[in-house]
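Subject: Structure handover

Hello,

Please find the structure below, for your files. My notes on what was found follow it.

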Amino acid sequence: MTRPIPKSFHVKSFGCQMNVYDGERMTELLGAQGMTAAGADDADLVVLNTCHIREKAAEKVYSDIGRLRRGDGTRPMIAVAGCVAQAEGAEITRRAREVDIVVGPQAYHRLPDLVAKAARGETALDTDMPAASKFGALPRRAKQGPCAFLTVQEGCDKFCTYCVVPYTRGAEVSRPWRAVLDEARALVDVGAREITLLGQNVNAWAGEDERGRSQGLDGLIRALDRIPDLARIRYTTSHPADMTEELIAAHGEIGKLMPYLHLPVQSGSDRVLKAMNRSHSRDSYLAILDRVRAARPDIALSGDFIVGFPGESEADFEETLSLVRRVGYAQCFSFKYSARPGTPAAEMTDAFIPDAIASERLQRLQTLLNEQQLAFNRTSLGKHTEVLIERAGKLPGQMVGKSPWLQSVHLTTDAAIGEIIPVELVSAGPNSLGGAALR
Ligand code: SAH
Ligand code: SF4
Ligand code: F3S
């Protein structure tokens with residue numbers, strides 16, 4: 001079926017921050033083609049930028065496709081992008097015939113061609129991982145608000161036995177030094193005050209500076225620190241194996257590097273960590289955190305956990321609880337193990353943990369993590385700190401900003417979005433803080 005080239009588009013992203021970043025780049029790309037942004041119910045083209053990490057996330061795309069049918073029986077042109085597109089490819093168009101375009105995370109710079117193909121009624125599928133990176137083919141950054149994401153590293157070579165990312169995003173690749181710094185400056189030019197460097201293993205970033213010297217993520221952060229109007233730098237997600245001494249030291253030395261580290265451990269049991277192919281042990285992980293805390297005593301620590309990994313015993317799970325108690329996290333993400341097609345752990349069917357047990361463990365873990373999050377927020381009470389104003393709040397005169405420790409802070413102020421103002425933290429809930437502006 002042929003159809004007109006879409007005039008308007010809507011991009012909906014699921015999953016991690018790298019997908020959010022890709023969604024922004026697709027928005028910029030389609031905008032540069034002369035298309036205008038619209039709501040999901042009106043747009044001529046809807047891009048579902050999907051996540052494949054857990055079964056629920058992956059299945060969501062099919063129910064979403066169904067919901068795109070409109071009252072008058074028509075539907076927009078539908079593109080499935082992201083990690084489900086990469087993992088399932090043409091299978092998607094077999095399961096959901098309404099889908100016009102399938103485009104993987106390393107090929108979305110070709111979206112305009114795919115849209116033209118789909119309009120001509122041709123198959124529009126592109127899950128290539130081309131050697132020439134997509135970044136060179138994307139337009140300059142548009143305004144993103146005060147907090148911007150910047151992907152500096154893509155893909156993963158770690159092959160944790162439960163994880164689809166090495167298959168959906170491909171091998172570890174670092175963007176060149178120059179490209180990263182240029183994009184950072186472009187983001188600052190359009191109003192970014194805070195940049196979060198992104199990568200599936202962002203601390204594996206490696207490159208050469210303009211003088212040909214080898215650099216790691218710490219060097220890149222030092223270079224960003226020299227951009228005058230950039231106020232805050234963050235990075236996520238890191239792997240313990242790539243947590244170098246230089247990067248740890250940077251936390252104590254670089255003022256713009258915010259006191260927050262997301263360092264997933266997944267489990268507190270060495271037996272489970274080995275089965276997960278995590279390459280770190282409980283003790284080596286704890287030793288890293290001790291060194292990070294020595295470098296930056298007020299650092300807020302964050303992590304990811306999987307419960308109910310095949311073969312996880314009650315004793316293994318209790319080691320996870322004891323690790324959490326030992327660390328004292330500021331904020332964490334925890335998930336029930338989800339068997340993913342094509343991963344080694346999905347073959348360990350004999351050792352699968354019954355769902356009821358996994359659910360019960362997840363609940364116990366989340367209860368502990370929630371207590372820790374509230375306790376961490378309470379330690380902020382009375383502190384005088386700086387808050388980056390991000391958006392208007394729900395109440396009149398109220399604004400919402402971010403503390404250095406990545407906490408949401410609600411306060412009454414006439415400061416504008418993008419300003420960084422001194423604040424006293426005066427109340428603490430589980431998910432946010434209340435602040436009083438100090439000027
Ligand atoms: N690169 C990062 C993030 C990977 S995905 C890292 O190495 O930590 C984000 C989180 O999803 C992971 O940290 C893990 O906790 C969770 N996850 C990944 N695969 C999963 C699976 N099959 N089932 C449940 N949770 C999973
Ligand atoms: Fe997945 Fe492990 Fe790579 Fe993280 S390090 S993306 S969990 S394979
Ligand atoms: Fe999901 Fe792909 Fe990110 S699977 S978590 S969107 S890398």
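Domain bounds here come from an automatic or database domain assignment. For this chain the assignment gives domain 1 (8-126), domain 2 (135-306) and domain 3 (384-437). Between the C-alpha centres of domain 1 and domain 3 there are 35 Å.

Some conventions before the details. This is a predicted model, in which local features need pLDDT of at least 70 and side-chain atom pairs count only at pLDDT 80 or more, while totals for chains, interfaces and linings use all residues. Residues are numbered from 1 along each chain as its sequence is written, chains are lettered from A and ligands numbered from 1 in the order in which they are written, and side-chain values use heavy atoms, with hydrogens and water left out.

Ligands

A residue belongs to the surroundings of a ligand if one of its heavy atoms lies within 4 Å of it. Around ligand 2 these are Cys156, Lys158, Phe159, Cys160, Tyr162, Cys163, Val165, Pro166, Asn201, His239 and Arg278. For the classes, Ala, Val, Leu, Ile, Met, Phe, Trp, Tyr, Cys and Pro count as nonpolar, Asp, Glu, Lys and Arg as charged, and the others, Gly among them, as polar. The shell of ligand 2 then has seven nonpolar, two polar and two charged residues.

Ligand 3 is surrounded by Cys16, Asn19, Cys51, His52, Ile53, Cys83, Arg169 and Gln200. Its shell divides into four nonpolar, three polar and one charged.

Sheets

Helices (H or I, at least four residues) and strands (E, at least two) are DSSP runs numbered from the N terminus, and two strands pair if DSSP finds at least two bridges between them. Axes are lines fitted to C-alpha atoms, for helices over the stretch in contact, and angles run from 0 to 180 degrees between N-to-C directions.

Strands S7, S10 and S13 form an open sheet in that order, with parallel pairing. Its edge strands are S7 (147-151) and S13 (232-236), each pairing on one side only. From one strand to the next the twist averages 25°. S7 and S10 (residues 194-198) pair over five bridges, and threonine 151 stands opposite leucine 198 in S10. Helix H1 (residues 17-32) lies across S7, S10 and S13 and runs at about 95° to S7.

The other sheet to note is a barrel closed by five strands in the order S17-S18-S19-S21-S20, with mixed pairing. Here the twist averages 55° from one strand to the next. S17 (residues 384-392) pairs with S18 (residues 398-402) in the antiparallel sense over four bridges. Isoleucine 389 is opposite glycine 401 in S18, and alanine 392 is opposite methionine 399. The hairpin of S17 and S18 has five residues between the strands, and glycine 397 there takes a positive phi near 80°. S17 also pairs with S20 (residues 420-428), antiparallel over five bridges; histidine 384 has glutamate 424 as its bridge partner in S20.

Helix packing

H12 (residues 314-327) and H13 (residues 355-379) pack at about 5°, with axes 10 Å apart. That makes H12 roughly parallel to H13, a term for angles under 35 degrees. Their contact (heavy atoms within 4.5 Å) includes Phe317 and Leu321 of H12 and Leu365 and Leu368 of H13. By class it has six nonpolar, two polar and five charged residues.

H11 (residues 282-295) packs against H12 at an angle of about 10°, with axes 11 Å apart.

Regards

Conventions:
Parallel < 35°, antiparallel > 145°, perpendicular 65-115°, else oblique.
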